[in-house]
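The sequence and the structure are shown first, and the description follows.

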Amino acid sequence: MTQPISPTDVIKTARESKAWPFQEAMRLVKRYPDGKPDGAPMIFETGYGPSGLPHIGTFQEVLRTTLIRRAYETLTGGAPTRLIAFSDDMDGLRKVPDNVPNQAMLTEHLGKPLSRIPDPFGEFGSFAAHNNAKLREFLDRFGFEYEFVSSTDRYTSGAFDEALKNVLRCNAAILDIMLPTLRAERAATYSPILPVSPTSGAVLQVPVEIVDADAGIIRFQDVTAETVEQTALGGQAKLQWKVDWAMRWVALGVDYEMYGKDLTDSGVQSGKIAQVLGGRKPEGLIYELFLDENGEKISKSKGNGLTIEEWLRYGSEESLGFYIFPNPKSAKQLHVGVVPRAVDEYWQFRERLSEQPLDKQMGNPVWHLARANGGGDGAAAPGAGDSLPVTYGLLLNLVGVLGADATREQVWSYLGNYVANADPSAHPELDVLVTSALAYNRDFVAPTLVKRAPTEIEAAALAALDAELAGVPEGISAEDLQTRVYEIGKDEAYGFENLRDWFRALYETLLGSSQGPRMGSFIVLYGIENTRRLIAEALAKA
């Protein structure tokens, strides 16, 4: 019987773990060796610029930050934490995204705060509200615990007023930090504070004179060339990006925020500004960016890469988290081709979790993902030790031979050859993957599926396999079938240099793929006679 793991063992193992969430969380322990004063929560933040629809690159920041948050809670024995999901929806729209409707309307509103531009989809009160809702919809679906904070709400409600006054008082010192980093042309008009034009409603990039910092009064030239004196408070101005980031860190008391490699310089300058404002730069990980299948950075405005909805159409929520987990400092390509392997590897790690010692559990991505969802510790995590009766890869091979018009009911009828109690209600997680496999095959496999003709040698081996299948006993196991397939491939009479060549021939001639499943498992799943029909079709091409 497995001995229960004590809280002391959990904390000790977490502090010694090499898993990156624990390594990051230890930076916060060192930042506050005795915990935060008065038992205040450790504040984690993740930022979102709602100028385009949320994508997986946005989601991964919340997931990875949550993993570090949970790791910190683990290695401190439950110290309090908060996660703020901050939307910079007061930002002015600089460019119309390529992947949204009503682009002409959006063009008319260029420069205005995102929260003051109509929703091109016609569903919400503003463009920002639409994109914020889409972000929260997925975060809620995944089960994150977070506090959503809108930049617009903070600015217009006056919650940032004192922080804005502080920026105005420190205006000269902030300019000393920023101006040396700018080109001469940009430096000539740069101001830490961006007034909102009372005429056009746009966020203006113009020089600003500080009239009264304590009262929040500024002076600038409006789009009409008229000199305007107005308050910077209550949503009538916002801050430049790097200044805004620093102000937010100080005003909200942020202790940890990660960001992408493309914001490395921004992080340096914002850290210096935070010090000028009397605060301290948060701890944070600089992560590598996601790339599309062409190796290009994923962009909200371009809409390249995978959307959250697309991943969930072809995979599962858990597999998305699993793919995001490893090596945040290494770039990852993000396209539909990575989904099937992520699904199967997630299940492999989930199956191992319950049998692993504590230190290995804490390095297992599923341990961390279960906690992100509010699950239990380690082997007590929901579903730990579970396995699928059929891999996603095998499902895809089955659906591939059934064709683009295959149905869920048809797939389940074949699963009866392989799975005990083959009923969707008995295997709900497998049923989700059946639907995903049908969609993946219909959209990506079937349109390009080509089964090549076998060579003379391959045709002889396929004929031998057909003869073998004709004589196998009813109820033969997948392992026995796999052995018989092996023996044909090893037979010198057919001249295969290695078994890999034999299996590649099977996959390319029978399934139309360069890779495939264990053939013994596939034959049991698809059925002996159906497999023989596949072989006959291949031999007819020889």
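## Second largest pocket

Helix 17 makes the greatest contribution to the lining of the second largest pocket, supplying 6 residues. The model examined here is a predicted one. In this model, the second largest pocket has a volume of about 800 Å³. Elements that contribute two or more residues to its lining are helix 14 (339-353), helix 17 (392-402) and helix 19 (428-445).

The lining of the second largest pocket comprises 28 residues, and those nearest the pocket centre are G393, N397, Q515, G516 and P517.

## Largest cavity

When the whole structure is searched, 1 cavity of 30 Å³ or more is found. The volume of the largest cavity is about 50 Å³.

Which residues line the largest cavity? The lining is formed by T46, G47, Y48, T58, V62, A85, F86, S87, L135 and F148. Strand 1 (42-48), helix 3 and strand 2 (81-87) are the elements that give two or more residues to the lining of the largest cavity. The lining of the largest cavity divides into 6 nonpolar and 4 polar residues, with no charged residue.

## Helix 3 and helix 13

The axes of helix 3 (residues 56-75) and helix 13 (residues 317-324) come within 10 Å and cross at roughly 80°. Helix 3 and helix 13 are therefore roughly perpendicular to each other, as angles of 65 to 115 degrees are counted as such.

On the helix 3 side, the contact is made by I56, F59, Q60, L63 and R64, and on the helix 13 side by L320, G321 and I324. The residues of the contact of helix 3 with helix 13 divide into 5 nonpolar, 2 polar and 1 charged.

## Helix 20 and helix 24

The axes of helix 20 (residues 456-470) and helix 24 (residues 528-541) come within 10 Å, with a crossing angle of roughly 155°. This angle makes helix 20 roughly antiparallel to helix 24. Is the crossing of helix 20 and helix 24 left-handed or right-handed? The crossing of helix 20 and helix 24 is left-handed.

From helix 20, residues A459, L462, A463, L465, D466, L469 and A470 meet I528, T531, R532, I535, A538 and L539 of helix 24. The contact of helix 20 with helix 24 is made up of 10 nonpolar, 1 polar and 2 charged residues.

## Helix 20 and helix 21

Helix 20 also packs with helix 21 (residues 478-490), at an angle of about 150° and with the axes 10 Å apart. That angle makes helix 20 roughly antiparallel to helix 21. The crossing of helix 20 and helix 21 is right-handed, whereas the crossing of helix 20 and helix 24 is left-handed.

In this pairing, A461, A464, L465, E468 and L469 of helix 20 meet L481, R484, V485 and I488 of helix 21. The contact of helix 20 with helix 21 contains 7 nonpolar, no polar and 2 charged residues. L465 and L469 of helix 20 take part in the contact with helix 24 and also in the contact with helix 21.

Notes
Residues are numbered from 1 along each chain as its sequence is written. This is a predicted model: local features need pLDDT of at least 70, side-chain atom pairs count only at pLDDT 80 or more; totals for chains, interfaces and linings use all residues. Side-chain values use heavy atoms; hydrogens and water are left out. Axes are lines fitted to C-alpha atoms, for helices over the stretch in contact, and angles run from 0 to 180 degrees between N-to-C directions. Helices (H or I, at least four residues) and strands (E, at least two) are DSSP runs, numbered from the N terminus. Angles under 35 degrees count as roughly parallel, over 145 as roughly antiparallel, 65 to 115 as roughly perpendicular and the rest as oblique. A crossing is left-handed if the near helix is turned anticlockwise from the far one by less than a right angle, and right-handed if clockwise. Contact means heavy atoms within 4.5 Å. Ala, Val, Leu, Ile, Met, Phe, Trp, Tyr, Cys and Pro count as nonpolar, Asp, Glu, Lys and Arg as charged, and the others, Gly among them, as polar. On a 1 Å grid over the protein atoms alone, a cavity is a set of points where a 1.4 Å probe fits but cannot get out, and a pocket is an open set with protein on both sides within 12 Å along at least five of seven lines; lining residues have an atom within 4 Å of a point. Grid points are joined across faces, edges and corners, and a volume is the space filled by probe spheres set on the points.
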